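Take a look at the chain below. We will go from the whole fold down to single residues.

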Amino acid sequence: IIFQLQRETTVLPDDNNSIFTPAEMGVILLSTFVVFVVFALISGFLGESISLLFGELMMIIPAVVFVFYKRMPFAQTFRFNRISVRQAGATVLLFIPIFILSDEMDRLVQMLFPMPAELVNSLYDLLTFNSIGDAIAIFLAGVLFAALSEEMLFRGVLQRTLEHYRDPAMAIVSSAVFFALVHFNPWTSIQILLLGLVFGYVAWKSQSIIPSIILHALNNLFSLVMINTSEESLSWYAS
C-alpha cells in the first residue's frame, strides 16, 4: 500500500517561493494560536455546532492569508499534488488497520488513564446529532473542514517547511506533536500522535496531502458514526 502511495504522484519541484522560512512559520503558528484564543472567547455567543464549524475554519486562515499576501503558489505551498485513482484506493485500504489500531490504543489508554466522566459527556454532547442541522454542521466541521484545514496546516506548510530545513523524520514527528497538542486533550494525545505520525509519513511518501486528508476524513467520519450509533449495534465490533 505504501509503495502504491509513492507511485504515480505528480510532484512539483520545491522552490523558495513555495516554502515558508522558519521565522514565517513561527509567525503563522503564533497567529493561528491567537486567532484560536480569540475565537474561543467569542464562541460562547454561538451554538456549539456553529462554533465547531467555524473553529476548524479559523485554524487555516492565517496560513492562507500569508500565502496570498506573499503571492505564493497555493497548491504547491500546501502540497496539493495530484494522486492517481490507484493511490486513492490504497489510501482507503490503509485506513482500515490504522483505525483499528488507533481505536485499540484508545481503549488501552482509557483503561489505564480514564478520561473524567464530565469531559467524556461534554465531548459526546458536542458530537451527538440532535437534529439534521446539527448532523450537517458536525459532519462539515468534524470530517470535511477538520481534515482539510488540519492537514493543510500540519502536513502541508509546517511539515513541508521542516522537511526543507531539517529532515523528513524530524519533520514528521514535529508536525505530529503539534497536531496532538492542538487538540488540548491529554487523554487522547497518544492516539492523535500516532495518527499524526501516519498522516505525516503518508504525506511525505506520496508528496501530497491528499492521502492524509482522505485518512483524516475517514477516521473522523467513522468516529462520528460510532459516537452516534447505539452500543447494541456496535456489540459485534466492541467484542
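Helices here are DSSP runs of H or I with at least four residues, numbered from the N terminus. Keep in mind that this is a predicted model. Leu93 is found in one such run, helix α5, which covers residues 85-112.

Step back to the whole chain. It has 11 helices and zero strands. Read from the N terminus, every element is therefore an α in the order α-α-α-α-α-α-α-α-α-α-α. Of the 239 residues, 41% are buried. Now take the contacts between residues at least 6 apart in sequence. Among these, 81% join residues at least 24 apart.

Is Leu93 buried or exposed? Exposed means over 50% relative accessible area. Leu93 has 51%, so it counts as exposed.

Leu215 is one of the buried residues of helix α10. Others in that list include Pro211, Ile213, Leu218 and Leu224. Helix α10 spans residues 210-227, which is 18 residues. From first C-alpha to last it reaches 26 Å, close to the 26 Å expected.

Finally, look at the surface. The chain exposes about 12,600 Å², and carbon and sulfur atoms supply 72% of that. One nonpolar patch includes Leu30, Phe33, Val37, Leu41 and Phe184. The whole patch has about 1,000 Å² of accessible area. Leu41 sits in helix α2, residues 22-42. Its relative accessible area is 66%, so Leu41 is exposed.

Methods
Residues are numbered from 1 along each chain as its sequence is written. This is a predicted model: local features need pLDDT of at least 70, side-chain atom pairs count only at pLDDT 80 or more; totals for chains, interfaces and linings use all residues. Side-chain values use heavy atoms; hydrogens and water are left out. Patches are made of residues with over 30% relative accessible area and no salt bridge: like charges are joined within 9 Å, nonpolar side chains (Val, Leu, Ile, Met, Phe, Trp, Tyr) within 5 Å. Accessible areas come from the Shrake-Rupley method with a 1.4 Å probe; for residues, only the protein chains shown count as cover. A salt bridge is a side-chain nitrogen of Lys or Arg within 4 Å of a carboxyl oxygen of Asp or Glu. Helices (H or I, at least four residues) and strands (E, at least two) are DSSP runs, numbered from the N terminus. Buried means under 20% relative accessible area, exposed over 50%, partly exposed in between (1.4 Å probe, protein chains only). The expected span of a helix is 1.5 Å times one less than its number of residues. Contact means heavy atoms within 4.5 Å.
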